[in-house]
Amino acid sequence: MTQTQQPAPGFETESRTFTWATPGQGDLAALLELDGLGQLHAMRDGLMPPPPIMATLGFTDLRAERGRVVAEMPAAEFHYNPLGGVHGGVIATLLDTGTGCAVHSTLAVGELYTSVDLTVKFLRPVTVDSGLLTCEGTVIQRGRRTALAQAQLTDGAGRLVAHATSTCLIMRPGE
């Protein structure tokens with residue numbers, strides 16, 4: 001699929017091209033036999049494609065252990081809002097990845113999850129000068145039906161720029 005947008009006449013432009021793996025590839029039956037952490041590791045190891053949002057936003061890393069993930073993305077101009085800072089939706093997406101993948105890493109074989117809410121607090125401006133953004137997501141509490149996770153987003157200097165909490169619903173097929 002190709003998407004184009006025409007810039008306003010008279011302004012200098014830049015372009016960005018990216019590719020992503022078509023979702024649903026790989027051995028889906030084998031994926032369903034893995035727990036959540038195993039699924040994230042299968043993606044890391046190239047056995048399953050990463051989600052397209054990672055290519056769209058320019059994520060450079062995603063590391064997972066049980067109950068914790070770290071995602072990285074350099075702040076870029078294509079993330080900007082009209083005021084010249086990284087759009088809050090981009091920051092929220094990175095934080096949602098941190099909280100959601102932290103919960104995903106705790107799933108048993110056959111379990112699924114979905115986010116119920118995401119509460120974001122923006123603490124300082126983010127621009128290209130912020131450098132590499134690092135999001136660390138951790139599970140605060142994991143129950144049978146719900147999980148509470150948090151994520152902290154820091155800039156290249158290690159300063160906290162945003163924080164989020166999320167409640168996730170844990171589901172099992174047939175429930």
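The questions below ask why parts of this predicted model are described as they are. Local features need pLDDT of at least 70 and side-chain atom pairs count only at pLDDT 80 or more, while totals for chains, interfaces and linings use all residues. Residues are numbered from 1 along each chain as its sequence is written, and side-chain values use heavy atoms, with hydrogens and water left out.

Q: Why is Ser105 called buried?
A: Buried means under 20% relative accessible area, exposed over 50% and partly exposed in between (1.4 Å probe, protein chains only). Ser105 has a relative accessible area of 0%, so Ser105 is buried. Ser105 lies in the loop between helix 4 and strand 3; helices (H or I, at least four residues) and strands (E, at least two) are DSSP runs numbered from the N terminus.

Q: What does Ser105 touch, not counting residues up to four places away in sequence?
A: Contact means heavy atoms within 4.5 Å. Ser105 touches Gly36, Leu37, Leu40, Glu65, Arg66, Gly67 and Arg68 on that count.

Q: What makes the approach of Gly67 and Ser105 a polar contact?
A: A polar contact is a pair of N or O atoms within 3.5 Å; within protein, one must be able to donate a hydrogen and the other to accept it, and residues adjacent in sequence count only if both atoms are side-chain atoms. The backbone nitrogen of Gly67 lies 2.7 Å from a polar atom of the Ser105 side chain.

Q: Why is the pair of Phe18 and Trp20 called tilted?
A: Rings of Phe, Tyr and Trp (its six-membered ring) pair if their centres lie within 6.5 Å; planes under 30 degrees apart count as stacked, over 60 as edge-to-face and the rest as tilted. The ring centres of Phe18 and Trp20 are 5.6 Å apart and the planes stand at 40°, so the pair is tilted. By this rule the count is one aromatic pair.

Q: Why do Phe18 and Trp20 count as partly exposed?
A: Phe18 has 30% relative accessibility and Trp20 has 40%. Both values fall in the partly exposed range, so that term applies to each.

Q: Which strands stand at the edges of the sheet, and why are they called edges?
A: Two strands pair if DSSP finds at least two bridges between them. Six strands form an open sheet in the order 1-2-4-5-6-3, with antiparallel pairing. Strand 1 (61-65) and strand 3 (112-122) each have a single partner strand, so one side of each is left without a neighbour in the sheet.

Q: How do you know that strand 5 pairs with strand 4 and with strand 6?
A: Eight bridges join strand 5 to strand 4, and nine join strand 5 to strand 6. Both pairings are antiparallel. Thr134 stands opposite Thr154 of strand 5, and Thr146 has Leu169 in strand 6 as its bridge partner.

Q: Which residues make up the covered face of strand 5?
A: The covered face has Ala147, Ala149, Ala151 and Leu153, whereas Thr146, Leu148, Gln150, Gln152 and Thr154 are on the uncovered one. In a regular strand the side chains alternate between the two faces of the sheet.

Q: What makes a set of residues a nonpolar core, and how many residues has the largest one?
A: A nonpolar core is a set of buried Ala, Val, Leu, Ile, Met, Phe, Trp, Tyr and Cys residues joined through side-chain atoms within 4.5 Å. The largest has 27 residues, and Leu94, Leu95 and Leu153 have the most contacts inside it. Helix 4 gives the largest share of this core, seven residues.
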